[in-house]
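Me: I have a structure open here and would like to talk it through with you. Can we go piece by piece?

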Amino acid sequence: MSVYELKTGEKGKILSVMAEGAAGTRLSSLGIVKGKEVTALSFSLFKSSILIECGAVRLGLRKAVALLIEVEKCA
């Protein structure tokens, strides 16, 4: 499942980040990498973007980028 499929408040462990180029580099530099835990904080009005938290970083992602981050839901 992707990080975009998490419900508000749910946590997931990153399995892979398939974003390439500038987006992939940016995510990596912000600590959005394999093995880290992310939390879905909220969605925009029409679910075109998602706000996530990973460690001390809060980041807004477009739906297209969020779908490229594969996660495993944490219990």
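Me: Which strand is Thr39 in?
Reply: Thr39 has its place in strand E2, and since this is a predicted model, that assignment comes from predicted coordinates.

Me: Is Thr39 buried or exposed, and why?
Reply: Thr39 counts as buried because its relative accessibility is 11%, and the cut-off for buried is under 20%.

Me: What does Thr39 touch?
Reply: Leaving aside residues up to four places away in sequence, Thr39 touches Gly9, Glu10 and Lys11, and also Leu51, Ile52 and Glu53.

Me: OK, the sheet next. What is the strand order?
Reply: The order is E4-E3-E2-E1-E5 in an open sheet of 5 strands, with antiparallel pairing. E4 and E5 are the edge strands, each of them pairing on one side only, and the twist from one strand to the next averages 40 degrees.

Me: How many bridges join E1 to E5?
Reply: Strand E1, residues 11-17, is joined to E5 by 5 bridges, and the two run antiparallel. Within that pairing, Val17 stands opposite Ile69 in E5.

Me: Ile69 makes me think of the core. Which residues have the most contacts inside the largest nonpolar core?
Reply: Those are Val3, Leu27, Ile32, Leu61 and Ile69, in a core of 18 residues. The elements that give two or more residues to this core are the strands E2 (37-43), E3 (49-54), E4 (57-62) and E5 (69-73), together with helix H2 (63-66), and E3 gives the most, with 3 residues.

Me: And what does Val3 touch?
Reply: Not counting residues up to four places away in sequence, Val3 touches Val38, Ile50, Ile52, Ala66, Ile69 and Val71.

Me: What about contacts and surface?
Reply: Of the contacts with a separation of 6 or more, 60% are between residues 24 or more positions apart. The chain exposes about 4,500 Å², of which carbon and sulfur atoms supply 55%, while buried residues make up 31% of the 75 residues.

Notes:
Residues are numbered from 1 along each chain as its sequence is written. This is a predicted model: local features need pLDDT of at least 70, side-chain atom pairs count only at pLDDT 80 or more; totals for chains, interfaces and linings use all residues. Side-chain values use heavy atoms; hydrogens and water are left out. A nonpolar core is a set of buried Ala, Val, Leu, Ile, Met, Phe, Trp, Tyr and Cys residues joined through side-chain atoms within 4.5 Å. Buried means under 20% relative accessible area, exposed over 50%, partly exposed in between (1.4 Å probe, protein chains only). Helices (H or I, at least four residues) and strands (E, at least two) are DSSP runs, numbered from the N terminus. Contact means heavy atoms within 4.5 Å. Two strands pair if DSSP finds at least two bridges between them. Axes are lines fitted to C-alpha atoms, for helices over the stretch in contact, and angles run from 0 to 180 degrees between N-to-C directions. Accessible areas come from the Shrake-Rupley method with a 1.4 Å probe; for residues, only the protein chains shown count as cover.
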